[in-house]
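Here is a short briefing on a protein fold. Look at the sequence and structure first, then read on.

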Amino acid sequence: LSGTEEALLGYYGAGLEVHCTSGAFLDIGGGSTEVVVFDQGQPVQSASFRMGSLSLYRSYVKKILPGDGALKRMKEAIEETVEEKALLDFSRCTHLICVGGTARAALKLAKRVCRLPETSNSITIGQLDRVCQELCASQKQAADLILKIEPERIHTMIPGMLILRHMVQGFGAGRVIVSQYGV
């Protein structure tokens, strides 16, 4: 599939579970990130970025978890990559629907850190910030948290969260809704 096809199919898959007429759809993968902006239930714009949680890890992290320098370089790389796709309309999208392993893991971390109910399928921007603070506070604290909740994501959780956080800020979304369905 092309990046655009993957983005659109992911959007349609997420729509089977999450019914929302306007907002943005996000799929953070290992090597790419797909975005679809939709209005009145129809996609109006899509983009695929050649950046994902694993590719950021491989490019910028030298050990298991990123240090301060790697965090800064990853944030800069995310900004540059997203800015290259100036065609993406970062207008205010109050709903950001996410699929994929990074989104599901972020929800699990938020459930633990913010004591959300197990039935919750969404994270507020404040809760996402709190999880990011926990992950970036110290490498030991981050490792302990990730290893308890999502051990197989020890390498990719922080890079994926940085992408998610950037997109949430860019769209001005107040809430991230995690769908179990995608492509």
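The buried residues of helix α2 have a cover that includes β1 (23-28), α3, α4 (101-113) and α7. Contact here means heavy atoms within 4.5 Å. Helices (H or I, at least four residues) and strands (E, at least two) are DSSP runs, numbered from the N terminus.

This is a predicted model: local features need pLDDT of at least 70, side-chain atom pairs count only at pLDDT 80 or more, and totals for chains, interfaces and linings use all residues. Residues are numbered from 1 along each chain as its sequence is written, and side-chain values use heavy atoms, with hydrogens and water left out.

**Helix α2**
- Ser53, Leu56 and Tyr57 are buried in α2 (residues 53-60). Buried means under 20% relative accessible area, exposed over 50%, and partly exposed in between (1.4 Å probe, protein chains only).
- These residues sit on the same side of α2 because they cover an arc of only 100° around the axis. The arc is that of the directions from the helix axis to the C-beta atoms.
- Arg58 and Ser59 are exposed, on the face turned away from the buried side of α2.

**Nonpolar cores**
- A nonpolar core is a set of buried Ala, Val, Leu, Ile, Met, Phe, Trp, Tyr and Cys residues joined through side-chain atoms within 4.5 Å.
- The largest nonpolar core has 53 residues. Leu26, Leu96, Leu135, Met157, Ile158, Met161 and Leu164 have the most contacts inside it.
- Helix α7 (residues 157-171) gives this core its largest share, 9 residues.

**Pockets**
- On a 1 Å grid over the protein atoms alone, a pocket is an open set of points where a 1.4 Å probe fits, with protein on both sides within 12 Å along at least five of seven lines. Lining residues have an atom within 4 Å of a point.
- The largest pocket has a volume of about 250 Å³. Grid points are joined across faces, edges and corners, and a volume is the space filled by probe spheres set on the points.
- α3 (68-84), α5 (125-137) and α7 each supply at least two residues of the lining of the largest pocket. Lys75, Asp129 and Arg165 are among the lining residues.
- The second largest pocket holds about 160 Å³ of space. Helix α1 (residues 3-15) gives the most to its lining, with 4 residues.
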